[in-house]
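Subject: Structure for you to look at

Hello,

Here is the structure I said I would pass on.

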Amino acid sequence: MKILHVLAQLPSKTGSGVYFNNVIKGLKNKYEQACIFGYQEDFYYDIISEQFQYAVEFKTEQLPFNIVGMSDIMPYDHTRYCDLTEEMQEDWINAFSKTLKMALEEFNPDIIICHHLWMLTSLVIDIAEDKVLIGVCHGTDIRQCEKNPQLKEKYIVNIHKLDTVFALSKDQVDDIHRTYRIPTEKIKVIGGGYDGNIFFHPVQKQDSEEISLVYAGKLAKAKGVYEMISAIELLDAKYNIKLIVVGARDKAHMEEFSSELAGIKNTEIHSIISQVELAEIFRKSDIFILPSYFEGLGLVAIEALASGMRVVSSRIEGLINNLGDDVIRSGIIKIVDLPRLYNVDKPYVEDIPKYIVNLSRAIEKQIENIKNDNKIPTEIYKLIDKHSWANIVKEIDDEIGAYIR
């Protein structure tokens, strides 16, 4: 059986890109696979052999603008969907239509897995309605619908025709049903996973008087990163803290963002790094912080847990539901209630000071847990292991198998 994987943006550097790649890797020994994705400049992709890549290149004569990203802030040069002119929309549709038709003719897939319930998935449904079509909701697609109702009304009218939709968490099911009119019986909660070959416990963690805190993600307001910095500043005089920030776009961005860290004595900043490099940082560090105002799942927090870190996270329902009550109650992760939000991911200004204080208190509790050498029961790590890609891909394969029988 042949599977075509479809993603409108770069298959790297974002949660959906990681998901895209891990599904392909997890199914590689069982199915013939090909993929469609967007790219620009010198990007190189090695997950699938080049003959089965159908790539749409941006910053060309045909598409003379940056790749279009599902978030307003992306870890690479991009165009926002809300900034697409009528001409740009037409060029984008023509480019992906041409590439999709080529893939259908040459590769002739049995199943197409489309990432994001947005414009490209809608286009795939129009062109390949006779195929088995599976959509993957990453949360940012729902946010695009809420932020750009004019594009939703114009392009997102047929998503309900998908045969199956994978949701990242239980709480996403109602949002998918409401946004796209997809019957709930078509929606399967699959979740997201981490690569257990990359993210795993250190054999032995070196003792240190220094407490290492890590943030990895986009350096954007919607990620709560500035509030996190303020929260850590409240603790900096009391504890021997080192803050490691991962996610600057390039060297210039690193230098620019470094000024935001001036209030913390000991800091280290990295540009976007590989998952292998990130996992090495995790295994050497103590506490991961995810202060985001919006996440579909918050997979990076699960990767941190799998690497032996404690976590402080904002209240991300997808993450909480996926981890389950036993993990949440164990104390390995501390949840901080979000401030009131508008436009999906913007906090009311008057609520921010309280959020900073609550975030600081949660971080301090985890620091004290580490200083007091409070152990996490082995059973908790076994529960976290259920979220490895090996288990997630098995669930996906089971769903695909329903169309083979």
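Helix α10 covers residues 299-306, and eight of its eight residues are buried, so the helix is largely enclosed by the rest of the structure. Buried means under 20% relative accessible area, while exposed means over 50% and partly exposed lies in between (1.4 Å probe, protein chains only). Helices (H or I, at least four residues) and strands (E, at least two) are DSSP runs, numbered from the N terminus.

This is a predicted model, in which local features need pLDDT of at least 70, side-chain atom pairs count only at pLDDT 80 or more, and totals for chains, interfaces and linings use all residues. Residues are numbered from 1 along each chain as its sequence is written, and side-chain values use heavy atoms, with hydrogens and water left out.

What does α10 pack against? Its buried residues, among them Leu299, Glu303 and Ala306, pack against β10 (211-216), α9 (275-284), β13 (287-290), β14 (310-314), α11 (317-323) and α14 (378-385). Contact here means heavy atoms within 4.5 Å. After α10 comes Gly308, with a positive phi near 90 degrees.

Gly308 also belongs to the lining of the second largest pocket, where Lys205, Asp286, Gly308, Ile370 and Asp373 lie nearest the centre out of 27 lining residues. The elements giving two or more residues to this lining are β10, α9, α13 (352-371) and α14. The volume of the pocket is about 1,000 Å³. A pocket is an open set of points on a 1 Å grid over the protein atoms alone, where a 1.4 Å probe fits, with protein on both sides within 12 Å along at least five of seven lines; lining residues have an atom within 4 Å of a point. The volume is the space filled by probe spheres set on the points, which are joined across faces, edges and corners.

Helix α13 also holds Gln366, which counts as buried at 0% relative accessibility. A polar atom of the Gln366 side chain lies 3.3 Å from the backbone oxygen of Gly331. Beyond four places in sequence, Gln366 is in contact with residues including Ile287, Arg310 and Lys334.

Lys242 is in strand β11 (residues 241-248). Is this lysine buried or exposed? Lys242 is buried, with a relative accessible area of 17%. Leaving out residues up to four places away in sequence, Lys242 touches Glu210, Ile211, Ser212, Leu213, Asn266 and Glu268.

Regards

Key. A polar contact is a pair of N or O atoms within 3.5 Å; within protein, one must be able to donate a hydrogen and the other to accept it, and residues adjacent in sequence count only if both atoms are side-chain atoms.
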